[in-house]
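Please read the points below with the sequence and the model open.

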Amino acid sequence: MMKSIFFGVVAIAVAIMSLSQDTVHAQQQTGEAATVEGDYKWDNIENKCVKALHKQINEEFNAAIAYLTMGSYYRQEKINLIGFSDFFFKAAAEEREHGIKLMEYALMRGKGPVDKDSFSLDYSFKVEPGTDGEAGLKMALAKEEFVTNSIRGVIKACEAGTNDYHLADYLTGEYLEEQHKGQRELAEKIATLNKMKKSAPSLGEYLFDRTHM
Ligand SMILES: [Fe+2]
């Protein structure tokens with residue numbers, strides 16, 4: 001299981017570093033637009049907004065690591081909740097994709113894919129032994145709430161000053177939409193799992209894992 005986490009994280013890190021290195025020489029420290037030939041500026045996105053966007057990119061990859069950890073936890077032979085494991089591995093892939101899409105957005109606006117000075121992956125996320133399926137879903141819901149608030153923070157930062165309508169609209173329309181639907185899905189799963197666990201907790205969790213995840 002640790003191998004899965006390790007390879008997943010290495011793949012993410014390699015992808016980020018190679019993209020980052022390609023643009024490092026073309027970037028200035030503040031993430032200003034690339035100046036390949038001559039000194040020109042073609043986008044007025046504010047640094048405060050870029051900084052918030054780069055922080056959000058970091059959060060998306062941190063969420064991917066957390067979900068990889070959870071997916072691995074539920075796949076251990078003594079726990080063997082394959083449905084939960086698949087659900088969290090899929091969630092990890094989605095978070096990675098969110099991170100890449102925001103990197104592409106930053107590049108489209110003439111900025112670096114990450115802030116090379118502050119980008120750092122958080123490996124501190126742990127799943128305590130004995131964590132059951134319901135606790136995992138609640139942890140995921142808390143994580144999604146955190147990410148949703150973090151996206152709202154980026155929108156707020158980009159609304160200040162020159163008011164970056166395009167990025168605010170992109171995040172509001174695509175990212176917040178997905179966040180709200182995802183949170184609703186997790187809340188539904190918690191409610192259904194609770195009902196199924198009422199008379200026989202272990203059997204209820206097993207059946208939920210096989211039929212609802
Ligand atoms: Fe995300």
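Which residues does Phe88 touch, not counting residues up to four places away in sequence?

1. Overall make-up. This is a predicted model. The protein has 6 helices and 0 strands, and along the sequence the pattern reads α-α-α-α-α-α. Of its 213 residues, 33% count as buried. Among the contacts with a separation of 6 or more, 76% are between residues 24 or more positions apart.

2. The core. The largest nonpolar core holds 40 residues, and those with the most contacts inside it are Cys49, Leu53, Ala64, Tyr67, Phe88, Val154 and Cys158. Two or more residues each come from α2 (47–75), α3 (82–108), α4 (133–159) and α5 (165–197). Helix α2 contributes the most, with 15 residues. As general background, nonpolar side chains in soluble globular proteins tend to be buried together.

3. Phe88. With residues up to four places away in sequence left out, Phe88 touches Tyr67, Met70, Gly71 and Tyr74. Both Phe88 and Tyr67 are among the residues with the most contacts inside the largest nonpolar core.

4. The end of the chain. Met213 sits in the segment after α6 (201–212). Setting aside neighbours within four places in sequence, Met213 is in contact with Gly83, Phe84, Asp86, Phe87 and Phe208. Is Met213 buried, partly exposed or exposed? Met213 counts as partly exposed because it has 19 C-beta neighbours inside 10 Å, and a buried residue needs 20 or more.

5. The pairing of α2 and α4. These two helices pack at an angle of about 170°, and their axes are 9 Å apart. That angle makes α2 roughly antiparallel to α4, because angles over 145 degrees fall in that class. By class, the contact has 12 nonpolar, 4 polar and 3 charged residues. On the α2 side the residues include Cys49, Leu53, Met70 and Tyr74, and on the α4 side they include Val147, Ile151, Val154 and Cys158. Met70 and Tyr74 in this contact are also touched by Phe88.

6. Annotated positions. The UniProt annotation "binding site", from an unreviewed entry, covers Glu60, Glu95, His98, Glu144 and Gln179. They are spread over 120 residues of sequence but cluster in space, with a largest C-alpha distance of 12.9 Å. Glu60 lies in helix α2, and His98 is placed in helix α3. Why do both count as buried? Glu60 is buried because 22 other C-beta atoms lie within 10 Å, and His98 is buried because 23 do. Apart from neighbours within four places in sequence, Glu60 is in contact with Glu95, His98, Gly99 and Leu102.

7. A backbone detail. Asn80 is found in the loop between α2 and α3. What is its phi? Phi of Asn80 is near 50°, a positive value in a residue other than glycine. In general, most residues other than glycine have a negative phi. Asn80 counts as exposed because it has 12 C-beta neighbours inside 10 Å.

Key
Residues numbered from 1 in each chain as written. Predicted model: local features only at pLDDT ≥ 70, side-chain atom pairs only at ≥ 80, totals over all residues. Core = buried A, V, L, I, M, F, W, Y, C linked by C-beta atoms within 7 Å. Helix = DSSP H or I, 4+ residues; strand = E, 2+ residues; numbered from the N terminus. Contact = placed C-beta atoms within 7 Å. UniProt positions renumbered as here; feature names shortened; annotations may be inferred. Axes fitted to C-alpha atoms, helices over the stretch in contact; angles between N-to-C directions. Parallel < 35°, antiparallel > 145°, perpendicular 65-115°, else oblique. Nonpolar A, V, L, I, M, F, W, Y, C, P; charged D, E, K, R; others polar.
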